[in-house]
Amino acid sequence: MIPEDLRYTAEHEWVAGDGSGPVRVGITHFAQDALGDIVFVDLPEEGTEVTAGETFGEVESTKSVSELYAPISGTVVTKNASLADEPELINAEPYAAGWLVEIAPADSGAVAQLLDADAYKALTES
């Protein structure tokens, strides 16, 4: 359940795209599984500046509330409006319909600095 074509953070976010344009961000299957049934998502508005490693929202599940951390610095260009009414999409399709936001990177090279699939797999198995 770790797609090879994505990049990852140690905080269990994934990034799709190479950074040459906006990248799509979500949480991993590992993260949604640990959270349990997601019932609410708080995401930043379009135009919000985010900083790599800083919180940009939160996910609330039946078990807990977890903060979301920006994988890269940049500007939120889109948020997944479907999650307002259907936060369970994150559980059902964490790498597809359950994406969170799209960010225009401040540094196009930032995505390459993130974990590849093998490194993320090693992290989740330790």
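Me: In which loop does H12 lie?
Reply: The model is predicted: local features need pLDDT of at least 70, side-chain atom pairs count only at pLDDT 80 or more, and totals for chains, interfaces and linings use all residues. Residues are numbered from 1 along each chain as its sequence is written, and side-chain values use heavy atoms, with hydrogens and water left out. Helices (H or I, at least four residues) and strands (E, at least two) are DSSP runs, numbered from the N terminus. On that basis, H12 lies in the loop between β1 (7-8) and β2 (13-16).

Me: What is the phi value of H12?
Reply: H12 is a residue other than glycine, yet its phi is positive. The value is near 75°.

Me: How many salt bridges does the structure hold?
Reply: A salt bridge is a side-chain nitrogen of Lys or Arg within 4 Å of a carboxyl oxygen of Asp or Glu. By this criterion, the number of salt bridges in the structure is two.

Me: How many residues apart in sequence are the parts that E102 and R24 tie together?
Reply: The side chains of E102 and R24 form a salt bridge, with an N to O distance of 2.7 Å. E102 belongs to strand β9 and R24 to strand β3, so the pair joins parts whose separation in sequence is 78 residues.

Me: Is E102 buried or exposed?
Reply: Buried means under 20% relative accessible area, exposed over 50%, and partly exposed in between (1.4 Å probe, protein chains only). E102 has a relative accessibility of 18%, so the residue counts as buried.

Me: In which strand is K79, the partner of E45?
Reply: The side chains of E45 and K79 meet in a salt bridge of 2.8 Å, N to O. This pair links distant parts of the chain, 34 residues apart: E45 is in the loop between β4 (38-42) and β5 (49-50), and K79 is in strand β8 (residues 74-79).

Me: What is the relative accessible area of K79?
Reply: E45 counts as partly exposed because its relative accessibility is 49%. K79 is partly exposed too, and its relative accessible area is 24%.

Me: Which side chain does T28 join in a polar contact?
Reply: T28 sits in the loop between β3 (23-27) and α1 (29-35). With 0% relative accessibility, T28 counts as buried. A polar contact is a pair of N or O atoms within 3.5 Å; within protein, one must be able to donate a hydrogen and the other to accept it, and residues adjacent in sequence count only if both atoms are side-chain atoms. At 2.8 Å, the partner of T28 is the side chain of Y120.

Me: How far apart in space are V25 and W99?
Reply: V25 is in strand β3 and is buried, with a relative accessible area of 0%. V25 and W99 are 74 residues apart in sequence, and their C-alpha to C-alpha distance is 6.0 Å.

Me: What distance separates the C-alpha atoms of V101 and R7?
Reply: V101 lies in strand β9 and is buried, at a relative accessible area of 0%. Along the chain, V101 and R7 are 94 residues apart, and their C-alpha atoms are separated by 15 Å.

Me: What distance separates the C-alpha atoms of P22 and E49?
Reply: P22 occupies the loop between β2 and β3 and counts as exposed at 53% relative accessibility. P22 and E49 are 27 residues apart along the chain, with their C-alpha atoms separated by 13 Å.
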